[in-house]
Amino acid sequence: MKSSKMMRTTFLRLVRRTRSRLQSILFPHSRPTAEKDQRISEKPSAHQGLCGEALVLASQLDGKTFHLPDLWKVFPDWPLAANPHAQRLDALVDSLLERIITNDKKLKALKQANFGRLISLWYPNAEWPELEIAAAYSVWIFVWDDEVDANDTDVSNDEELSRAYYQKSLSTIHNLLGLDPVQDGQEPVFEADQSLHPNMALFADVGRGMRATTDRIQRERFYRELENFMVQVGVEHVHRMRGSIPSVEKYIEIRSGSVGCAPQIAITDAMLKVRLPESIMESAPMKALWRETVVICFILNDVYSVQKEIAQDSLLNLVPVVYKNCPPEKQTLDTVTQDIEVLLQQALRGFEEAAVSLSEMTASDAKQSQDTQAFIKWCRYFITGVQQWSLESRRYGMAECLNEDKSLDIVL
């Protein structure tokens, strides 16, 4: 593995442009004072990667049990299905991971996560060419995000390197999606696969697939969502490095971007091989459908991954954030469960209201109505896929927390 100094030099050499938006958002505050550093310097061995509010919060939660009811009851009539190419997908995902992961331990863990199963649940009706794009994208975003979150890479432990990582990634994505300006009469030039950062190699597959199957407006929408994803991942990273815990409202804003669901929704029409008019794609009901789909998915992801994340010294998760922001007299994990159930129910109501509004908007046009219903149904598949896979996958270990009534007792 290269040293931090060598990686820093390499990344900074690759950065081609400065994104003031990223800089201002990622680094809004000064570093903790020396007095604060001294106060939190004595850390228990169980949480040596934590500081500040996060360290205090981890100590408060250590050993407590987070009880979660059976959330399938929230989605009683929602569809759940698997793609008939499921086994082929498993093999494809394994081969994609082998292309970019060189650490045997990490490769084994990522294979055991069973991402092929997740993609199969997300796209039960997709054909193989679309599945190849979806698989490359899904594996890429998991691996890209782990580089920042895992606490075991140079990028995850260095703000300067992480900023360069976001900037270079965005520059590469813009290029590979065919969005760089091209002079009249000239062919676009795409970065060669062998010149890419290893974590961006799979996005070359995504870019080729998207350029062949989508128009520029679709790819620009996809890029904007990826840009917001990376910005919010950066905000999370700053909170983690500095041990700060945001308010619940601010966390929802951050997590709605950093969970990475919105870019996935942005390629839905391509995966479904439909093209809804921009008047529908940019309408208020469609934006509401996206927003609520994202919120539901990040709630599910956070509650099932909380044990894993705290074990990796990451307290930027809905469960600890809600606990931290509870009034002292109500600061229990039972309160957290109740508050999260309220958030989930609110998002579900918003989802259904948006679905009704979209249905009414397109009722007069048979083709638009059919395509819109397919889009709405896919959002349901996306959510139930997250739910099913999160309970099954060894990545989160929820099988060990399952009770006979299908509720969960998750020891933090």
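**Close-up views of a predicted model**

**Figure 1. Lys 273 in the loop between α14 and α15.** Lys 273 belongs to the loop that runs between α14 (268-272) and α15 (278-281). The model shown here and in the other views is predicted. The phi angle of Lys 273 is near 60°, a positive value in a residue other than glycine. Most residues other than glycine have a negative phi. As context for this and the following views, the chain has 19 helices and two strands. Of its 412 residues, 54% are buried. Among contacts between residues at least 6 apart in sequence, 79% join residues at least 24 apart.

**Figure 2. Lys 406 in the loop between α19 and β2.** Lys 406 is placed in the loop between α19 (366-392) and β2 (408-411). For Lys 406, phi is near 75°, again a positive value in a residue other than glycine. Is Lys 406 buried or exposed? Its relative accessible area is 54%, and Lys 406 is therefore exposed, the cut-off for this class being over 50%.

**Figure 3. The packing of helix α12 against helix α16.** Helix α12 (residues 248-258) packs against helix α16 (residues 284-311) at an angle of about 95°, and their axes are 9 Å apart. The two helices α12 and α16 are therefore roughly perpendicular to each other. From α12, the residues Tyr 251, Ile 252, Arg 255 and Ser 256 take part in the contact. They meet Val 294, Val 295, Phe 298, Asn 301 and Asp 302 of α16. Sorted by class, this contact of α12 with α16 comprises five nonpolar, two polar and two charged residues.

**Figure 4. The aromatic pair of Tyr 251 and Phe 298.** The count of aromatic pairs in the model comes to 19. One of them joins Tyr 251 and Phe 298 in an edge-to-face arrangement, with 6.3 Å from centre to centre and 85° between the planes. Because Tyr 251 lies in helix α12 and Phe 298 in helix α16, the pair ties together parts that are 47 residues apart in sequence. Tyr 251 and Phe 298 are both buried.

Figure 5. Asn 301 is a residue of helix α16. With a relative accessibility of 15%, Asn 301 counts as buried, since buried means under 20%. Which residues does Asn 301 touch, not counting those up to four places away in sequence? They are Arg 255, Glu 309 and Tyr 396. Of these, Arg 255 is in helix α12 and is part of the contact of α12 with α16.

**Figure 6. The packing of helix α10 against helix α11.** Helix α10 (residues 201-213) and helix α11 (residues 216-242) meet at an angle of about 150°, with 11 Å between their axes. Helices α10 and α11 are therefore roughly antiparallel to each other. On the side of α10, the contact involves Phe 203, Val 206, Met 210 and Arg 211, and on the side of α11 it involves Arg 219, Phe 222 and Leu 226. Five of the residues in this contact of α10 with α11 are nonpolar, none is polar and two are charged.

**Figure 7. An aromatic cluster, and two arginines over rings.** Ring pairs link Tyr 137, Trp 140, Trp 144, Tyr 165, Tyr 166, Phe 203, Phe 222 and Phe 229 into a cluster. Among these, Phe 203 and Phe 222 also take part in the contact of α10 with α11. Arg 211 lies over the face of Phe 190, 3.7 Å from the ring centre. Arg 380 lies over the face of Trp 78, at 4.8 Å from the ring centre.

Note on methods
Residues numbered from 1 in each chain as written. Predicted model: local features only at pLDDT ≥ 70, side-chain atom pairs only at ≥ 80, totals over all residues. Heavy atoms only, no water. Axes fitted to C-alpha atoms, helices over the stretch in contact; angles between N-to-C directions. Helix = DSSP H or I, 4+ residues; strand = E, 2+ residues; numbered from the N terminus. Parallel < 35°, antiparallel > 145°, perpendicular 65-115°, else oblique. Contact = heavy atoms within 4.5 Å. Nonpolar A, V, L, I, M, F, W, Y, C, P; charged D, E, K, R; others polar. Phe/Tyr/Trp six-rings, centres within 6.5 Å; stacked < 30°, edge-to-face > 60°. Buried < 20%, exposed > 50% of the residue type's maximum accessible area, 1.4 Å probe, protein only. Lys NZ or Arg CZ within 6 Å of the ring centre and 35° of its normal.
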